[in-house]
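Please open the model in your viewer and keep the selection panel at hand. The tour moves from one selection to the next, and at each stop it says what is there.

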Amino acid sequence: MNTARLQMNGIVKQFGGIRALKGVDFSLQPGEIHALLGENGAGKSTLMNILGGVLQADEGDIRLDGQAVRIATPADARRLGISFIHQELNLIPDLTVAENLFLGAEWTNRLGWLDARQMQRKTREIMDLLGVELDPQAPVSGLDSSLKQVIEIGKALLKDSTVIIMDEPTTSLTEKEIDNIFQVMHKLKQNGVSLIFISHKLKEVMNICDKYTVLRDGEVAASGMIGDTDEQRLAQELVGRSVQTQSLYRERVLGETVLEVKGLAAKGLADIHFTLRRREILGFTGLAGAGHSELMETLFGYKAKTAGEIKINGQLVQIQQPLHALAHKLGFVPKNRKENGILKDMSILQNFSLAGLKKFVRNGWILETREREHFRHFQKQLQMKAPQPDLPITSLSGGNQQKVILARWLEADADIIVLDQPTQGVDIGAKSEIYQVIMDLAAEGKSFIVVSTEIPEMLKLCDRIVVMYQGRIAHILDRQHATEGRIMLYATGAQSERIS
């Protein structure tokens, strides 16, 4: 029987009175891609932080290639060949590929000078091993996200890592970039490197992984071979209950037109025409880079339009900055929540009240009691798991952060709410909750524009689906005519009936 590359036995970790891990066993074989799954708060990060030397277990032991090891610091983990590639990459844009690869571990010659030539040679060698053509002297600032991921993987190989932890590596990647990363992962597997793949995207898990382990409430809820399960069973094991995978859609009587866009143009956008009705959920989709996010940023005043007109409730409006959008009761939950949606240094409560702050201010003072009452109202309505509103917003899971941002716009009385990639980086249970919230609010009279590159998400929610291609609207599909196949035909340009 082959010796496991990694064996974690009976891992226990307690924070105060809370047992985050309750005797977890986890094993990893040489050349295996192993999915570590679980909802936010299930214990994945705690377990991996113990493996990475950031935290120490209260009980349990760790073995590498059959030998008991003590991992007291991240330096210990690196010395033992364990690398952790975080979702937020640790690269310096102004440095080259080679300079980033060797950052903190630079090679010098006999005179103590940096040996740039040898570092570039080694960089080429590592990129060849990964099957990637990448100029060692290219600045990192000009690279796409998948190549930045490759550099982080290269760093791990430079340290002779045999275990690489990849935390949500595909969250902000395009389909093509994801394929690139998966090819690199296959290369690593062929060379005997073992990978722990943390992801909420079950389709990707099914495509790339050999084995899976599901954590729930700090315990192993399920484990096995990927070939012996399917997406629906994995989803059920993740949340401990049956997850609704079919449409959540409920029929609603749509009202009058609340938003009308005619001939809108901006950088990367041309001749955009569409309408939105009260209580409608209008989807925008297409391949990454098709222009849907740019369109929403233009609507909200982040980007300047160069032509066209926007009408809200029949009135021609000029939205040149987000404050103008707010004045017209237009709200926007942007993609890249951590960069554009939340203010990391502020509390949950402060993030909630940002857009509607004037409601809580009297004579220059914030009426905190009133602010908290309003927060509790939306906390209950959106089923937000945020027991202490004074905690930092970063203490919440991704799904609950998203609910705080949505509550921000509801508090600001927004009647039209744009949601750009609303479930990006959110676990499957929270996704289902967010879908339900959107459907409930639409029934109450709110109008939504939902942008997503996940077509199944569009089919679950939307009354109509707008498909974009190369900065234009390729087609608008009514719900009854929308299928994944038809949407992809328009999204890829294989079929073109542009709206004008």
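Begin by selecting helix H14 and helix H15, where H14 passes H15 in a right-handed crossing (a crossing is right-handed if the near helix is turned clockwise from the far one by less than a right angle, and left-handed if anticlockwise). This is a predicted model, in which local features need pLDDT of at least 70 and side-chain atom pairs count only at pLDDT 80 or more, while totals for chains, interfaces and linings use all residues. Residues are numbered from 1 along each chain as its sequence is written, and side-chain values use heavy atoms, with hydrogens and water left out.

H14 covers residues 398-411 and H15 covers residues 428-443, and their axes come within 10 Å and cross at roughly 15°. Axes are lines fitted to C-alpha atoms, for helices over the stretch in contact, and angles run from 0 to 180 degrees between N-to-C directions. H14 and H15 are therefore roughly parallel to each other (angles under 35 degrees count as such).

Now show the side chains: Gly399, Gln402, Lys403, Leu406 and Leu410 in H14 meet Ala430, Glu433, Ile434, Val437 and Leu441 in H15, contact being heavy atoms within 4.5 Å.

## Stop two: another pair

Next select helix H5 (residues 145-158) and helix H6 (residues 175-190), which pack at an angle of about 20° with their axes 8 Å apart. That angle makes H5 roughly parallel to H6, and the crossing of the two is right-handed. On H5 the contact residues include Val150, Ile153 and Leu157, and on H6 they include Ile181, Val184 and Leu188.

## Stop three: the sheet

Which order do the strands of the open sheet follow? Four strands form this sheet in the order E2-E1-E4-E5, with antiparallel pairing (two strands pair if DSSP finds at least two bridges between them). The edge strands, E2 (18-28) and E5 (67-69), each pair on one side only.

Then select strand E1 (residues 6-15) together with strand E4 (residues 59-64), which pair in the antiparallel sense over five bridges, and look for Asn9, which stands opposite Asp61 in E4.

Terms used:
Angles under 35 degrees count as roughly parallel, over 145 as roughly antiparallel, 65 to 115 as roughly perpendicular and the rest as oblique.
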